Amino acid sequence: NLSDNTRAYAAAAQAVLSVLESELDAIRTAGTWKGERVITSQQGPRISVDGSRGDILNFCANNYLGLSNHPEVVKAGIDALKKYGAGLSSVRFICGTQSIHKNLEEKLARFHEREDCILYASCFDANAGLFEVLLGPDDAVLSDELNHASIIDGIRLCRAKRFRYKHMDLNDLEEKLKESRSSRMRLVVTDGVFSMDGDVAPLQGICDLAEQYGALVFIDECHATGFLGPRGRGTDELLGVMDRVHIVNSTLGKALGGAAGGYTVGPKALIELLRQRSRPYLFSNSLPPPVVGCATRAVELLLASNEIAQSMAAKTMRFRNNMTQAGFTISGTAHPICPVMLGDARLASLMADDMLKLGVYVIGFSYPVVPKGKARIRVQISAAHTDEDIDRAVDAFIQTGRKHGVIS
């Protein structure tokens, strides 16, 4: 019997492996395989890549403000490591909260001009932890159809009635608001900036409709915090609706130092309720002190000056305008996310490989990260890029674009 059981177990394990290999083969055949390049240096505008010679220009990081290797940010992380240790070995409410966590939360609340803030291990966790706590079966959530996957997953965890409106379509949002009139509470949910296309949500119109129909507004600001708006406060500042957006989720892992961590800012009562009931907060270790130290210094730099944030606009438009003049189709408007639209997944991958040979690091994006038939190379401009860096990237695109028949 033991021998029979062993054979049955081995057969079951082999069957599972066969299913997995079949799935992997399908991904390879479709040209959507996502290989991981290995960086052998700090994150920055210039990096070293395993298998490539010399410095490589990096145009695909979320390091919008160039703070990932900023000397003051790095030093703050080292100082926090020495003073507070590597980690807390615990969740926040047991013995995982230090003074630096409370200090960072206070600074983030002040930065966003909200009452209070709660830290998470990531913004994915912040999105996973919000909706289940805030919304019940008598409520409704109205979500843009192209919202980030973490928002979609977070909404799935709550028991509210779900309405999905067409991407940035205010008319469809109004229809969904009318349909959900019987709900106790309604929450309109949108990315501030949609990361795959670089387009900015029409927050003024969203807030107008929310006020007309008695709804609240939530935005995910991961691709806006630190550099959009006159002071870098984000999409709500850019569009003049900071006092009309009720809840903001964002990340420390992009413009604010680039390490890890996310957070929610909003009314104090909501933040206190999240501390009591939000599962990703209650059951995840607190952020490591070096991460908190780095993020705190990044926020302090932005609170002290808007100079870095203001440097982004001209560099973004230099790349967008030069690429458009060369014949490329660039999605989005005036955002440092500049998707070079190519359509074919294999073409996007091949062009990205050829760009690396020319000393420019970019990545092809394809299904399921973006819809089928809408593959692209997503370029991201950083405040740390020089005009010469941008021009060199454009020249590399022109060379590879001509090679593959994308432009003439």
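In which loop is Pro 368 found? Pro 368 is in the loop between β14 and β15, where helices (H or I, at least four residues) and strands (E, at least two) are DSSP runs numbered from the N terminus. The peptide bond joining Tyr 367 to Pro 368 is cis, with omega about 10°. Most residues other than glycine have a negative phi, and most peptide bonds are trans.

The model is predicted: local features need pLDDT of at least 70, side-chain atom pairs count only at pLDDT 80 or more, and totals for chains, interfaces and linings use all residues. Residues are numbered from 1 along each chain as its sequence is written, and side-chain values use heavy atoms, with hydrogens and water left out.

β14 pairs with β15 (residues 375–380) in the antiparallel sense over 2 bridges, and Gly 364 stands opposite Ile 377 in β15.

A second open sheet has 7 strands, ordered β3-β11-β10-β9-β6-β4-β5, and its pairing is mixed. Its edges are β3 (116–120) and β5, each with a single partner strand, so one side of each is left without a neighbour in the sheet. On average, neighbouring strands here are turned by 20° against each other, direction ignored. Helix α4 (residues 99–112) packs on the sheet, where it touches β3, β10 and β11, and its direction makes about 125° with that of β3. Within the sheet, β10 (residues 247–251) and β11 (residues 262–266) pair in the antiparallel sense over 4 bridges; Thr 251 stands opposite Gly 262 in β11. Met 168 lies in the loop between β5 (161–165) and α7 (170–179). Met 168 is not a glycine, yet its phi is positive, about 55°.

How is the chain divided into domains? The assignment, whose bounds come from an automatic or database source, gives domain 1 (31–60 + 306–404) and domain 2 (71–304). Taken over C-alpha atoms, the centres of domain 1 and domain 2 are 27 Å apart. Their contact takes 18 residues from domain 1 and 13 residues from domain 2. About 1,200 Å² is buried between them, and carbon and sulfur atoms give 59% of this area; buried area is the accessible area (1.4 Å probe) that two parts lose on being put together, summed over both. Asn 306, Ala 309 and His 335 supply 36% of the area that domain 1 buries against domain 2, more than any other three residues.

Across this interface there is 1 salt bridge, defined as a side-chain nitrogen of Lys or Arg within 4 Å of a carboxyl oxygen of Asp or Glu. The whole structure has 26 salt bridges. One of them joins Arg 37 and Asp 353 at 3.3 Å, N to O. This pair links distant parts of the chain, with Arg 37 in the loop between α1 (2–30) and β1 (46–47) and Asp 353 in helix α15 (residues 345–357), 316 residues apart. Asp 197 also forms a salt bridge with Arg 376, with the closest N and O atoms 2.8 Å apart.

Note on methods
Pairing = 2+ DSSP bridges. Contact = heavy atoms within 4.5 Å. Axes fitted to C-alpha atoms, helices over the stretch in contact; angles between N-to-C directions.
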